[in-house]
Amino acid sequence: MTSERIRFFLPGPSYVPAAAREAMTGPAIGHRGAEFKALYGRLQGPLQRVMRTAGDVLLASGSATLVMESAVVSTVRGAVLHCTCGAFAERWLAISRSHGLDADEVSAPWGEAIDPDVLRAALKRKTYDAVTVTHNETSTGVLNPLAELAAVVREESDALILVDCVSGLGGARLEADAWGLDVALAGAQKALAAPPGVVAFTLSQRARERAAAKEHRGFYTDLLRYVMYHERQGTITTPPIPILFALDRQLQVIEEEGIEARWRRHLELRRQTEAWAGERGYAYASGPECGSPTVSCLRPPPGVDPPALVAELARRGVTVGGGYGRWKPETFRIGHMGEVRAGDLGALFADIDEVARTLG
Ligand SMILES: Cc1ncc(COP(=O)(O)O)c(C=O)c1O
């Protein structure tokens, strides 16, 4: 737990505690030597516990989008179905289309979650190699019912389940093995509260077999290449070593808290935000049944212009997220993720109240 008051509430990258920042300042080491192998090995157990998998957790250098792209490039030969309900899910669809893949979508309006029955109907109509799901849609603050969606995919098809859990991992319950996820991927920069630059991901046995059957998987995008290097406790290319040291430090913090306690704390932060928003007339842009534990996307009361609110908070040294894409003019977003505590949020709400009075 941090002693510094957090004033940084972007829905990622999130606030990085001082200890993790300091962990990045050690002397340089090589990425093929014993010290790196020890670091790599040390990350495994905590990452497996965060992702709830007994399988390997692989590490890619880059941003999460790299592994979104790699997952489809490595495993999809025929058609792929994307569950879309916001900007990041739409990005995955755009990635597949950019590769000329036969990519369809099952969509829900922005602010709503994917309906498992709609997904079921789509799977009955056509055969897919893979289905992609965005667990926590950061642009709208929607948490999709991933366990149910994954169960539907398994019941209706042989498709792989590829999951972007970027802004949920470490904050929202995720069960990679129990829910049968074939790829679950997340950058370090959201609810894990480490700096951006590395992506942790799982790759099921089924996904490995599908990838092995695909002839051209690219080079940086070849997920099987990551498995090969993982077996030697290494990454496929030069990794951002300081960031891995920061992640190592942050994973110790997460281990001390315990993943289930961390999920509960995030739910509490969500409830605290809901209570304040309800009292002040801020409306959630997402339906109550699909509320994200890590991101609140809000429409302010009349007279409070979201971009002006975000700008005035920034002038006072407090950072919240603006609305995303087409929702930019009407919403703003609070990232209550990572190491944020109730006291930090309470102080943020007092700041917002004060700014809203000057704007309203
Ligand atoms: C849900 C979700 N998916 C994917 C991404 C893309 O991550 P990156 O910027 O690390 O590529 C983000 C980033 O905010 C995200 O929130």
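Colleague: By class, how many nonpolar, polar and charged residues are in the shell around the ligand?

Modeller: Keep in mind that this is a predicted model. The residues around the ligand include Gly12, Ser63, Thr65, Asp164 and Ser167, and Gly counts as polar here. Ala64, Phe88 and Val166 are also among them. Sorted by class, the shell comes to three nonpolar, seven polar and one charged.

Colleague: OK, domains next. How far apart are the C-alpha centres of domain 1 and domain 2?

Modeller: The assignment gives domain 1 as 8-12 + 259-359 and domain 2 as 18-255. Between their C-alpha centres, the separation is 26 Å.

Colleague: And which element gives the most to the side of domain 1 that touches domain 2?

Modeller: Domain 1 puts 24 residues into that contact and domain 2 puts in 26. On the domain 1 side, the elements giving two or more residues are β12 (295-299) and α10 (259-280). With four residues, the top contributor is α10.

Colleague: What about helices α7 and α8: at roughly what angle do their axes cross?

Modeller: Packed helices get described by the angle and the distance between their axes. Here, α7 (residues 205-212) and α8 (residues 223-230) have axes that come within 9 Å, and the crossing angle is roughly 120 degrees.

Colleague: How do the residues of that contact divide by class?

Modeller: From α7 you have Arg208, Ala211 and Ala212, meeting Leu223, Leu224 and Val227 of α8. Arg counts as charged, while Ala, Leu and Val count as nonpolar. So the α7 contact with α8 divides into five nonpolar, no polar and one charged.

Conventions: Residues numbered from 1 in each chain as written. Predicted model: local features only at pLDDT ≥ 70, side-chain atom pairs only at ≥ 80, totals over all residues. Near = placed C-beta within 6 Å. Domains from an automatic or database assignment. Contact = placed C-beta atoms within 7 Å. Axes fitted to C-alpha atoms, helices over the stretch in contact; angles between N-to-C directions.
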